[in-house]
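This briefing accompanies a protein structure and its sequence. Please view both before reading the points that follow.

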Amino acid sequence: MTSSDTKKHVIAIDDIHESKDAFMWCKEKISVSNWCHNVGSNADYFFFNKDEDAQFFITVHGGTYCNGR
């Protein structure tokens with residue numbers, strides 16, 4: 001089991017420049033135990049434990065909320 005398997009909320013970003021900014025934002029704003037990042041072939045995926053972190057992230061950076069994995 002990877003750390004992304006325990007995260008409840010998944011948001012995909014397909015813009016590489018926005019993804020870099022989003023990664024740095026998460027690194028600065030959210031506890032490392034509450035999120036993780038995974039690079040896919042078509043998008044970068046951000047995984048979050050808390051609903052409020054996922055909502056704040058998508059408000060600031062956009063992206064697509066992925067229902068289920």
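What percentage of the 69 residues in the protein do buried residues make up? Buried residues account for 35% of the 69 residues. The model is predicted.

**Overall fold**

- The protein contains two helices and four strands, which follow the pattern β-α-β-β-α-β along the sequence.
- Of the contacts between residues at least 6 apart in sequence, 66% join residues that are at least 24 apart.
- The accessible surface of the protein amounts to about 4500 Å², and carbon and sulfur atoms contribute 50% of that surface.

**Helix H1**

- Helix H1 covers residues 16-29, a run of 14 residues. From first C-alpha to last, H1 reaches 20 Å, close to the 20 Å expected at 1.5 Å a residue.
- Ser-19, Ala-22, Trp-25 and Cys-26 are the buried residues of H1. Viewed down the helix axis, the buried residues of H1 fall within an arc of 120 degrees, so they line one face of the helix.
- The partners against which the buried residues of H1 pack are strand E1 (9-13), strand E2 (35-39), strand E3 (44-48) and helix H2 (51-61).
- Exposed residues on the other side of H1 are Ile-16, His-17, Lys-20, Lys-27 and Glu-28.
- The N-terminal end of H1 is capped by Asp-15: a side-chain oxygen of Asp-15 lies 2.9 Å from the backbone nitrogen of His-17.

**Nonpolar core**

- In soluble globular proteins, nonpolar side chains tend to be buried together.
- Eleven residues form the largest nonpolar core of this protein: Ile-11, Ile-13, Ala-22, Trp-25, Cys-26, Ile-30, Trp-35, Phe-46, Phe-48, Ala-54 and Phe-57.
- E1, H1, E3 and H2 are the elements that each give two or more residues to this core. H1 supplies the largest share, three residues.
- Ile-30, one of the core residues, touches Trp-25, Trp-35, Phe-48 and Asp-53, leaving aside residues up to four places away in sequence.

**His-9**

- His-9 belongs to strand E1. Its relative accessibility is 11%, and His-9 therefore counts as buried, since the cut-off for burial is under 20%.
- The side chain of His-9 takes part in a polar contact with the side chain of Tyr-65, at 2.6 Å.
- Not counting residues up to four places away in sequence, His-9 touches Phe-46, Phe-47, Phe-48, Asn-49, Lys-50, Asp-51, Ala-54 and Tyr-65.

**His-37**

- Where is His-37 found? His-37 is found in strand E2, and with a relative accessible area of 28% His-37 is partly exposed.
- The side chains of His-37 and Asp-44 make a polar contact at 3.5 Å.
- Residues touched by His-37, again excluding those up to four places away in sequence, are Ser-19, Phe-23, Asp-44, Tyr-45 and Phe-46.
- His-37 and Ala-22 stand 15 residues apart in sequence, and their C-alpha atoms are 9.9 Å apart in space.

Technical notes: Residues are numbered from 1 along each chain as its sequence is written. This is a predicted model: local features need pLDDT of at least 70, side-chain atom pairs count only at pLDDT 80 or more; totals for chains, interfaces and linings use all residues. Side-chain values use heavy atoms; hydrogens and water are left out. The expected span of a helix is 1.5 Å times one less than its number of residues. Buried means under 20% relative accessible area, exposed over 50%, partly exposed in between (1.4 Å probe, protein chains only). The arc is that of the directions from the helix axis to the C-beta atoms. Contact means heavy atoms within 4.5 Å. A polar contact is a pair of N or O atoms within 3.5 Å; within protein, one must be able to donate a hydrogen and the other to accept it, and residues adjacent in sequence count only if both atoms are side-chain atoms. A nonpolar core is a set of buried Ala, Val, Leu, Ile, Met, Phe, Trp, Tyr and Cys residues joined through side-chain atoms within 4.5 Å. Accessible areas come from the Shrake-Rupley method with a 1.4 Å probe; for residues, only the protein chains shown count as cover.
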